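Hi,

Here is the structure I promised to pass on. Have a look at it first, and then read on for what turned up in it.

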Amino acid sequence: MPWQPTRFPGVDWKILMEQKESGLSTVLMRWAPGARLPAHEHVAIEQTYVLEGSFADHAGVCRAGNYVWRRAGSRHDAWTDEGCLMLAVFLKPNTFFD
């Protein structure tokens, strides 16, 4: 399965599973060093497991082997200095404010 670019520079993904009718998806995301996701809201719970590297937001840094989840309605932007590879599960797609 090839990597697909997202609309955010330096962030690619492989959509492993997607249910369009419900919004549920499981994705493998690869962030290049310096990549950033702009401000967004988690419409429903999001779960992320970092496989390689690290990414950060206002709450801190998640490194390889860390699991983090965001509750519905939470808002933040996220970035990586070194790059990262993560597995993410979305119950609904995020809403972006860019």
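A term to start with: a polar contact is a pair of N or O atoms within 3.5 Å, where, within protein, one must be able to donate a hydrogen and the other to accept it. Please also keep in mind that this is a predicted model.

With that term in hand, take a look at Glu41, which sits in strand β4 (residues 36–41). Its side chain is joined to that of Arg75 by a polar contact of 3.0 Å. Leaving aside neighbours within four places in sequence, Glu41 is in contact with Arg75 as well as Gly73, Ser74, Asn94, Thr95 and Phe97.

His40 belongs to strand β4 too. Is His40 buried or exposed? Its relative accessibility is 2%, so His40 counts as buried, the cut-off for that being under 20%. The side chains of His40 and His42 are joined by a polar contact of 3.5 Å. Beyond four places in sequence, His40 touches Ser74, Arg75, His76 and Asp77, and also Asn94, Thr95, Phe96 and Phe97.

Now to the nonpolar side of things. The largest nonpolar core has 16 residues, and those touching the most other members are Val11, Met29, Trp31, Phe55 and Met86.

Which residues is Met86 in contact with, leaving aside its neighbours within four places in sequence? They are Val27, Leu28, Met29 and Trp31, then Thr48, Tyr49, Val50, Leu51 and Phe55.

Thr48 also leads on to a strand pairing, as it stands opposite Val68 in β7. Strands β5 and β7 run antiparallel and are joined by 4 bridges. In a regular strand the side chains alternate between the two faces of the sheet. Strand β7 (residues 67–70) has Val68 and Arg70 on its covered face, while Tyr67 and Trp69 are on the uncovered one.

Finally, a word on annotation. An unreviewed UniProt entry places the feature "domain: ChrR-like cupin" at residues 1–88. Over residues 1–88 the model is 0% helix and 60% strand, with the end C-alpha atoms 17 Å apart.

Best wishes

Terms used. Residues numbered from 1 in each chain as written. Predicted model: local features only at pLDDT ≥ 70, side-chain atom pairs only at ≥ 80, totals over all residues. Heavy atoms only, no water. Core = buried A, V, L, I, M, F, W, Y, C linked by side-chain atoms within 4.5 Å. Buried < 20%, exposed > 50% of the residue type's maximum accessible area, 1.4 Å probe, protein only. Contact = heavy atoms within 4.5 Å. Helix = DSSP H or I, 4+ residues; strand = E, 2+ residues; numbered from the N terminus. UniProt positions renumbered as here; feature names shortened; annotations may be inferred. Pairing = 2+ DSSP bridges.
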